[in-house]
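Thanks, everyone. I will keep this short, so please look at the screen while I talk.

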Amino acid sequence: MESSSSSRGAVGSPPTRSYGLPMTEGVGVPHADAHEITVELIHDVVVEFYQRARLDEKLGPVFDRRVHDWDVHLGRMTDFWAAALLRSGRYSGRPVERHRAIEELRGDHFRRWVELFEATVRDLCTPRQADAFVVRALRMREGMTKVLRLDD
């Protein structure tokens with residue numbers, strides 16, 4: 001798939017997203033560390049994580065105010081993680097802009113998100129699978145807090 005010249009970085013560098021992070025993944029070939037991960041596992045992780053998040057004292061209220069159709073949200077998040085791990089190309093969205101619109105969002109929300117997400121994948125996955133999820137979750141937290149200029 002060709003990138004428009006407006007989304008290209010310097011000559012020879014990977015294209016960048018609108019919020020400045022480079023796009024390095026190709027579509028269709030899972031990351032090497034995700035070769036044992038399936039869409040079904042991703043779906044199970046997403047469903048369990050959001051069950052926990054909805055009950056969480058810090059995260060639950062944020063989700064309750066913004067997610068009105070949980071089936072749609074769970075499908076989008078399954079697609080998001082399938083794209084992140086399996087390079088499925090199933091997700092298209094603007095997560096930074098969606099999170100930028102949440103006024104009460106702080107860095108400690110992302111810290112808690114990672115803690116709860118890691119606990120979920122450690123409970124449901126093999127150590128290798130869990131590591132693949134966690135590496136990406138940590139990168140996401142780092143990228144989002146940096147781009148959104150959030151403090152803990």
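Let me start at one meeting place between two helices. On one side, in α1, we have Leu 41, Asp 44, Val 45, Glu 48, Phe 49, Arg 52 and Ala 53. They meet Trp 113, Leu 116, Phe 117, Ala 119, Thr 120, Val 121, Asp 123 and Leu 124 in α5. Keep in mind that this is a predicted model.

How do we describe such a pair? Two packed helices are described by the angle between their axes and the distance between the axes. Here, α1 and α5 pack at an angle of about 130°. Their axes are 9 Å apart. An angle over 145 degrees would count as roughly antiparallel, and 65 to 115 as roughly perpendicular. The pair is therefore oblique. The crossing of α1 and α5 is right-handed.

Now step back to the whole protein. It has 6 helices and 0 strands. Along the sequence, the pattern reads α-α-α-α-α-α. There are 152 residues, and 39% of them are buried. Next, take the contacts with a separation of 6 or more. Residues 24 or more positions apart account for 70% of those.

Back to α1. This helix runs over residues 39-55.

Which residues of α1 are buried? They are Leu 41, Ile 42, Val 45, Val 46, Phe 49, Tyr 50 and Ala 53. Look down the axis of α1, and these buried residues fall within an arc of 155°, so they line one face of the helix. On the other side of α1, Glu 40 and Leu 55 are exposed. What covers the buried residues? The cover includes α2 (60-66), α3 (70-86), α5 (107-124) and α6 (127-147).

Zoom in on Ala 53, which lies in α1. Its relative accessible area is 0%, so Ala 53 is buried. Leave aside its neighbours within four places in sequence. Then Ala 53 is in contact with Leu 59, Gly 60, Phe 63 and Leu 116. Take Phe 63: it sits 10 residues from Ala 53 along the chain, and their C-alpha atoms are separated by 8.0 Å.

The buried residues in α5 are Gly 107, Asp 108, His 109, Phe 110, Trp 113, Val 114, Leu 116, Phe 117, Thr 120 and Val 121. Among the elements that cover them are α1, α2, α3, α4 (95-100) and α6.

Thr 120 has 0% relative accessibility, so it counts as buried. What does Thr 120 touch, leaving aside its neighbours within four places in sequence? Thr 120 is in contact with Val 45, Glu 48, Phe 49 and Arg 52.

Last stop: Arg 149, in the segment after α6. Is Arg 149 buried or exposed? At 74% relative accessibility, Arg 149 counts as exposed.

Technical notes
Residues numbered from 1 in each chain as written. Predicted model: local features only at pLDDT ≥ 70, side-chain atom pairs only at ≥ 80, totals over all residues. Heavy atoms only, no water. Helix = DSSP H or I, 4+ residues; strand = E, 2+ residues; numbered from the N terminus. Expected span 1.5 Å × (residues − 1). Buried < 20%, exposed > 50% of the residue type's maximum accessible area, 1.4 Å probe, protein only. Arc of directions from axis to C-beta. Contact = heavy atoms within 4.5 Å. Axes fitted to C-alpha atoms, helices over the stretch in contact; angles between N-to-C directions. Parallel < 35°, antiparallel > 145°, perpendicular 65-115°, else oblique. Left-handed = near helix turned anticlockwise from the far one by under 90°.
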